[in-house]
Amino acid sequence: MDRIDRKILDVLQSRGRIPVVELAEQVGLSATPCRKRIASMEESGLIARYGAEIDHEKAGYPITAFVSIELERQEADSLELFERRVMDFEEVVQGFLMTGSQDFLLRVVVEDLHAFERFLQHRLTRIPGIRSVRSRFALRQFIGRNRLPSRD
């Protein structure tokens, strides 16, 4: 990845729907080489996907909770089972395998506290092998970057 690729990524991270001709102009290329570079980054998996960033609150999901999970056993089978089950829960918008005392950290969005309680009681805690669940609620988000730091 060279300086021009980084410029392309920088623009695409903030304006994913920019026309290729305009993008090429901004990074100092013609449209065809720019299009080829983008295709190469897509094929390599560097550009994983395109999508719209949704404001959860405006979409009717104003409650964000961070849920820490500790499993009874940290064996590969237990970790994989937990991951497979959580993949089915639409309330979970991000999930991370962690180091330290917690095994997983989930970012959960819901309509209200009753919905969160239902999620915990009827879905999450029904997964076998959970030792403990700890939840923290976000009061507000003050930063939300969906882009990598630039390398100047």
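The legends below describe close-up views of a predicted model.

Residues are numbered from 1 along each chain as its sequence is written.

**View 1. The four-stranded sheet.**
Four strands form an open sheet in the order β2-β3-β1-β4, with antiparallel pairing. Strands (E, at least two residues) and helices (H or I, at least four residues) are DSSP runs, numbered from the N terminus. Two strands pair if DSSP finds at least two bridges between them. The edges are taken by β2 and β4, each with a single partner strand, so one side of each has no neighbour in the sheet. On average, neighbouring strands of this sheet are turned by 20 degrees against each other, direction ignored. Axes are lines fitted to C-alpha atoms, for helices over the stretch in contact, and angles run from 0 to 180 degrees between N-to-C directions.

**View 2. Strand β1 and its two partners.**
β1 (63-71) is joined to β3 by seven bridges, and the two run antiparallel. Seven bridges also pair β1 with β4 in the antiparallel sense. Ile69 stands opposite Phe104 in β3 and opposite Val133 in β4. β1 is mostly covered, as seven of its nine residues are buried. Buried means under 20% relative accessible area, exposed means over 50%, and partly exposed lies in between (1.4 Å probe, protein chains only).

**View 3. Glu70 in strand β1.**
Glu70 lies in β1. Glu70 counts as buried because its relative accessibility is 16%. Leaving out residues up to four places away in sequence, Glu70 touches Ser101, Asp103, Ile130, Arg131, Ser132 and Arg134. Contact means heavy atoms within 4.5 Å.

The bridge partner of Leu97 is Phe104 in β3. Val92 is found in β2. With a relative accessible area of 16%, Val92 is buried. Val92 touches Val86, Leu106, Arg107, Val108 and Phe119, not counting residues up to four places away in sequence. The C-alpha atoms of Val92 and Phe66 are separated by 9.6 Å, and these residues are 26 residues apart along the chain.

**View 4. Two helices on the sheet.**
α4 lies across β1, β2, β3 and β4, and runs at about 10 degrees to β3. Helix α5 (residues 113-122) also packs on the sheet, touching β1, β2, β3 and β4. The direction of α5 makes about 170 degrees with that of β4.

**View 5. Helix α4 and its two faces.**
Helix α4 covers residues 76-87, twelve residues in total. From its first C-alpha to its last, α4 reaches 16 Å, close to the 16 Å expected at 1.5 Å a residue. The expected span of a helix is 1.5 Å times one less than its number of residues. Leu79, Phe82 and Val86 of α4 are buried. Seen down the axis of α4, these buried residues fall within an arc of 65 degrees, so they line one face of the helix. The arc is that of the directions from the helix axis to the C-beta atoms. Exposed residues Asp77, Arg84 and Met87 are carried by the face of α4 turned away from its buried side.

**View 6. The crossing of helices α2 and α3.**
Helix α2 (residues 20-27) packs with helix α3 (residues 31-44) at an angle of about 100 degrees, and their axes are 9 Å apart. That makes α2 roughly perpendicular to α3. Angles under 35 degrees count as roughly parallel, over 145 as roughly antiparallel, 65 to 115 as roughly perpendicular and the rest as oblique. On the α2 side, the contact is made by Val20, Val21, Leu23 and Ala24. On the α3 side, Ala31, Cys34, Arg35 and Ile38 take part.

Leu23, Ala24 and Val27 of α2 are buried. Down the axis of α2, its buried residues fall within an arc of 100 degrees, so they line one face of the helix. What covers them includes α1 (3-14) and α3. The face of α2 turned away from its buried side carries the exposed residues Val21 and Glu25. Just after α2, Gly28 takes a positive phi of about 85 degrees.

Technical notes: Predicted model: local features only at pLDDT ≥ 70, side-chain atom pairs only at ≥ 80, totals over all residues. Heavy atoms only, no water.
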